[in-house]
Amino acid sequence: MPEQHTAPVRAQERAGAARAGAVAHPNIALIKYWGKSDERLVLPRTDSLSMTLDIFPTTTHVRLDAEAGHDTVTLNGAPATGEARRRIVAFLDLVRDMAKRPQRAVVDTENTVPTGAGLASSASGFAALAVAAAAAYGLDPDATALSRLARRGSGSASRSIFGGFALWHAGRHTGTAADADLSSYAEPVPTAELDPALVIAVLNAGPKAVSSRTAMRRTVDTSPLYESWAASSRDDLAGMRVALAHGDLEAVGEIAERNALGMHATMLAARPAVRYMSPATLTVLDSVLQLRRDGIPAYATMDAGPNVKVLCRRADADRVAGVVRGAAPGGSVHIAGPGRGARLLPGGGR
Ligand code: PMV
């Protein structure tokens, strides 16, 4: 079983150490988050559930600089610009506010997952940043508070705080904003013996044309299918919890696949339509159907991009990867298992 909680923050790394490093992994949702009820607080319309991966880590270092008048943000060795920089600085402002410390920071992030390609780079990115920035600014959040904090950077990051399977609660949407904020966080989901793998077909590693933020907003505002998907997603979650508790991989896969296809249907019906699937996506989906006809339990899920993730048994992963590779000769195929939650690097990360 992978470690499910963040490593405790060591006292010397906490009390104003002013420097910390953290590592986090992406997660892939089996029950999707699609649609917000509050954009500023990043509160979702529905609960979601994911598996944290053991590949594609993000490593982030944060160091406070008392002399600096602005934050310095480096992404994969280059200065961050535009929207990426704006989101990171806004997140640091939130942490500064919580810590009541005004110092600017030097942030250095290495992402091993292709950025912005619907492969959850924002999940590992903001989970690592939440853990490193909270420690560098001398905060001492527990895993639930870290999950809430990571959520403010990117909704799906709330789930990457935890290893294995994690459920992100949409929270209470009546009452005050503070109530809603406090009640929306992820937590680990207990599972029976399940030896899953996700075979990831990267069909196009370039950044996507429409951000998930924009696409979600448009879907909620204009898609006539949105409310019915949200209602069926609540049923899917209930079924998913039972399937995980029973270690029933086939039921887990069936529910995950229909939930993802339903999410894409809501976007196709948005005005104007958002379509992330490409011809290569459909070719891989056909190969997954063929695997099932051949008796291999394999089920597809897709996010805000053309890439396909195929859930299967670990024992079948090489065979599934071979079939998927044959269906998508131009792409790259990776095998992931369940990974660990976000954690601090020892000794401030350097
Ligand atoms: O966290 P965001 O804003 O990148 O949204 C991610 C949404 C999906 O990946 C499409 C689904 C999910 O639950 O991760």
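In this predicted model, helix H2 (residues 82-99) packs against H3 at an angle of about 35°, with the two axes 11 Å apart. The crossing of H2 and H3 is right-handed. From H2, the contact draws on Arg87, Ile88, Phe91, Leu92 and Val95. From H3, the residues are Phe126, Leu129, Ala130, Ala133 and Ala134. By class, the contact of H2 with H3 holds 9 nonpolar residues, no polar ones and 1 charged one.

Helix H3 (residues 121-136) also packs against helix H4 (residues 143-153). Here the angle is about 125°, and the axes lie 8 Å apart. Angles over 145 degrees count as roughly antiparallel and 65 to 115 as roughly perpendicular. The pair H3 and H4 is therefore oblique. H3 passes H4 in a right-handed crossing. On the H3 side, the contact involves Phe126, Ala127, Ala130, Val131 and Ala134. These residues meet Leu146, Leu149, Ala150 and Gly153 in H4. The residues of this contact divide into 8 nonpolar, 1 polar and no charged.

H4 itself is mostly covered, with 8 of its 11 residues buried. Those buried residues are Ala143, Leu146, Ser147, Arg148, Leu149, Ala150, Arg151 and Gly153.

The crossing of H8 and H9 is left-handed. H8 contributes Tyr226, Trp229, Ser233, Asp236, Gly239, Met240, Ala243 and Leu244 to the contact. H9 contributes Ala251, Val252, Ile255, Ala256, Arg258, Asn259, Gly262, Met263 and Thr266. By class, the residues of the contact of H8 with H9 are 10 nonpolar, 5 polar and 2 charged.

Aromatic pairs were searched for across the whole structure, and 3 were found. One of these joins Tyr226 and Trp229. Tyr226 and Trp229 are separated by about one helical turn, because they stand 3 residues apart in helix H8 (residues 226-245). Both residues also take part in the contact of H8 with H9. Residues under 20% relative accessible area count as buried. Tyr226 has 1% relative accessibility and therefore counts as buried. Trp229, at 5% relative accessibility, therefore counts as buried too.

Glu193 gives a contrasting case. This residue sits in the loop between strand E11 (186-188) and strand E12 (196-202). Exposed means over 50% relative accessible area. At 75% relative accessibility, Glu193 therefore counts as exposed. Glu193 and Gly247 are 54 residues apart along the chain. Their C-alpha atoms are separated by 5.5 Å.

Note on methods. Residues are numbered from 1 along each chain as its sequence is written. This is a predicted model: local features need pLDDT of at least 70, side-chain atom pairs count only at pLDDT 80 or more; totals for chains, interfaces and linings use all residues. Side-chain values use heavy atoms; hydrogens and water are left out. Axes are lines fitted to C-alpha atoms, for helices over the stretch in contact, and angles run from 0 to 180 degrees between N-to-C directions. Helices (H or I, at least four residues) and strands (E, at least two) are DSSP runs, numbered from the N terminus. Angles under 35 degrees count as roughly parallel, over 145 as roughly antiparallel, 65 to 115 as roughly perpendicular and the rest as oblique. A crossing is left-handed if the near helix is turned anticlockwise from the far one by less than a right angle, and right-handed if clockwise. Contact means heavy atoms within 4.5 Å. Ala, Val, Leu, Ile, Met, Phe, Trp, Tyr, Cys and Pro count as nonpolar, Asp, Glu, Lys and Arg as charged, and the others, Gly among them, as polar. Rings of Phe, Tyr and Trp (its six-membered ring) pair if their centres lie within 6.5 Å; planes under 30 degrees apart count as stacked, over 60 as edge-to-face and the rest as tilted. Buried means under 20% relative accessible area, exposed over 50%, partly exposed in between (1.4 Å probe, protein chains only).
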